[in-house]
Amino acid sequence: MSVDEDARWLEWVTQQFESIAGEDKEIDLDEFKTALKVKESFFAERFFALFDSDGSGSISLDELLKALNLLIHGSETDKLHFLFQVYDVDGSGSIDPDELRTVLKSCLRESAISLPEEKLDDLTLVLFESADRDGSGSITFEELKAELENFPEVMENLTISAANWLKPPEPEHKSHTPRYLTPAYWHNNSRKLLFLGCYICLNTLLFTFAALKNKPSGPWVMVARGCGQCLNFNCTFVMVLMLRRCLTWLRATWVVRILPLDQNVLLHQLVGYTIFGFTLGHTVAHIINFVVLSQRGDYRLWEYVLTTRPGIGWVCGTASLTGVLLQLLVSLMTVCSSTFVRRSGHFEVFYWTHLSYIGVWGLLVVHCANFWKWFVVPGLVFLLEKLVGIAVARMGGLYIVEVNLLPSKVTHLVIKRPQFFHFKPGDYVFINIPVIAKYEWHPFTISSPPEQQDTLWLHIRSMGQWTNRLYEYFRQAGPQSVSGHSLAKSLTRRRRQRIRQGELFHSAGCNGTVASNKDAAIELTSYRPSSPPSPPAELGGQAERGDSPLPCEITGKLSENQRFCNIKCYVDGPYGTPTRQIFASEHAVLIGAGIGITPFASILQSIMYRYRMRKQNCPNCSYSWCENIKDNEMKLRKVDFIWINRDQKSFEWFVSLLTKLEMDQADEEPEGRFLEMHMYMTSALSKNDMKAIGLQMALDLLAKKEKKDSITGLRTRTQPGRPDWAKVFQKVAEERKGKVHVFFCGSPALAKLIKGHCEQSGFKFYKENY
């Protein structure tokens, strides 16, 4: 830290102290915890004991500042000695194994990491054995100093600043230049900005022409007619932006390079708010005009607004009445479409009020004599899309055949995939499950790859009424089949299939995967069971005929969170997303936050399938390599996958999939790994937080020894804290693997942050709907 930062930190500590200290100007242990926001009591007690130099049981401001000044301005030895004292709980001058275990256990609680007692013992042992150089059974100050020198990053953080012990809130960094005025923003958003420019110009021209045409009728009529003409266009255009099948088709054409098709939802919202603005302006202008007319004595104001007596409108003089209804419906749709409603667990409010668009279009046809001319062609296309969607959904006859209840209330649905269902990695579908809600359709990303022919996967996190009902329905069903058919019969049929086709799986290896031969069978599923049981034959299953793909292993006993079932569902889709551009990239960076990994689960599996199809083996030795050939199918040269989770349990969603992806790359390629994974756990204290120094050292040592991460079980080491995005993108740029495209799925706040870094680095940014 710089001198200014040290000064700011000391000022913050002083303010915290003075705001809590009483008249005696001293604070006790409880007040100390509150003032410095230390979560884990062990560290608070250790710091308090070391700061309380006179042993009075309370700390004065002078004692606190004296200790902190020593940590800031003291020598490297002074700071290391303070660290040693924190770990030397009994003050004996050395650290024994029990003391080290106590510290590490507190570090785990501070970082919200849950590990079994045996793993805690392993962490303690590996760190103690590494630091106890002379084998005396205790760690001296010199031995601790020597051990820290093996971790230069930790050593640097420790000696730079003592503020890493007790962190103040992060200051808000305000840029002098607004982001929207930077050249990088304009360059990376050129298509969207050009489109918005054309959209604004078109609305301006429509308003101007309509207003000038009605100039003899007065200024308020000019405003009303101008807004009305813009509404004719926008109330049609808002529908065009949600023609999902047409947009999915256009994504495969050259149009995607000109129009911002990937931002159709954002543009749909923008046009929706524009409609509300024009509707309000149209209504207010007409009311003011009616006030003027009522003053002439022909009709009263309420008669103009609420009756058909003035005869205004082309259908029985109903323009005013339909206008009032339209204003109410548009206002209701706008309010219920707000982020607050959609993100607060009330998606159904948004869903059902949004269906009033049918009434809005009907009223517009009655309200305005010219609206049907704008509406007829897009309306027919919209109707055709709906009919096709209903037909596709109803003819599928799909069944949910397996359900897994994952941590953080995530429901993993396994659906029998119909033969006619074809999709691209990252696509999404609308699903309807009548037993949950008969008429509700909800969109979710497909998490299985297209190459997995037998089933579709959906991972659904409980964040609203429908998703919570889905999770509770299967949770309350209990750890047995929720269908009326015998699980034993289903397992017997699966065993028979396995016997009949055992030779195929024997040739494929114990896990059913062959990564080195293009002609070999490739099994991409990775969960237990790796493929769900087929529905019974009487429900449309293929179990008796033996012509459906087989699992790699049979699970005879259901786990507590696993259910086999046969539940009817309907699927509408698939629909394309921005991630369809990934195979046109050269260097792709996939960033998922929490359940935002869902689209990347499908993409990663598909990428590795294509990667394995290129992989070659030498017939005379075990050497393998991957042909570096660019083609229309995949131009990728490098993929970086970054997954950010709040807690440890969230990693369990896809850990088996990621383990399999790591196994596919067990051998280093000559040009480096094709796929690199980076895991971050935000609840864990970062490496520059001194309260976590011992834990991070122990985790690093144990990961090197066991060749796997203690938190996830992956070979990839889980990084504590949040990513340093500037360093992440700097490293990506330095690799020079070609043009970089960044694909993100997660919270809007994080998307905005990452997009800003992408603009500064000159990377193309794509955001999935969250």
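**Exercise 1.** Locate K707, and state whether K707 is buried or exposed.

*Solution.* K707 is found in the loop between α26 (693-706) and β14 (718-720), where helices (H or I, at least four residues) and strands (E, at least two) are DSSP runs, numbered from the N terminus. The model is a predicted one, in which local features need pLDDT of at least 70 and side-chain atom pairs count only at pLDDT 80 or more, while totals for chains, interfaces and linings use all residues. Residues are numbered from 1 along each chain as its sequence is written, and side-chain values use heavy atoms, with hydrogens and water left out. Next, the phi of K707 is near 60°, a positive value in a residue other than glycine. Finally, K707 counts as exposed, at 65% relative accessibility; the term exposed stands for over 50% relative accessible area, buried for under 20%, and partly exposed for what lies in between (1.4 Å probe, protein chains only).

**Exercise 2.** Find where C316 lies and describe its phi.

*Solution.* C316 belongs to the loop between α15 (301-306) and α16. Although C316 is not a glycine, its phi is positive, at about 55°. With a relative accessible area of 68%, C316 is exposed.

**Exercise 3.** Describe the packing of α16 and α19.

*Solution.* Two packed helices are described by the angle between their axes and the distance between the axes. For helix α16 (residues 319-336) and helix α19 (residues 357-367), the angle is about 155° and the axes are 9 Å apart; here axes are lines fitted to C-alpha atoms, for helices over the stretch in contact, and angles run from 0 to 180 degrees between N-to-C directions. This makes α16 roughly antiparallel to α19, given that angles under 35 degrees count as roughly parallel, over 145 as roughly antiparallel, 65 to 115 as roughly perpendicular and the rest as oblique. The residues in contact (heavy atoms within 4.5 Å) are A319, T322, G323, L325, L326, L329 and M333 of α16 and Y357, V360, L363, L364, V366 and H367 of α19. They divide into 10 nonpolar, 3 polar and no charged, where Ala, Val, Leu, Ile, Met, Phe, Trp, Tyr, Cys and Pro count as nonpolar, Asp, Glu, Lys and Arg as charged, and the others, Gly among them, as polar.

**Exercise 4.** Carry out the analysis for α6 and α7.

*Solution.* The axes of helix α6 (residues 97-110) and helix α7 (residues 117-131) come within 9 Å and cross at roughly 125°, which makes α6 oblique to α7. On the α6 side the contact is made by P97, L100, R101, L104, K105 and L108, and on the α7 side by E117, L120, D121, L123, T124, L127 and F128. Sorted by type, the residues of this contact comprise 8 nonpolar, 1 polar and 4 charged.

**Exercise 5.** Identify the peptide bond that joins G573 and P574.

*Solution.* The bond is cis, with omega about 5°, and P574 has its place in strand β8 (residues 562-575).
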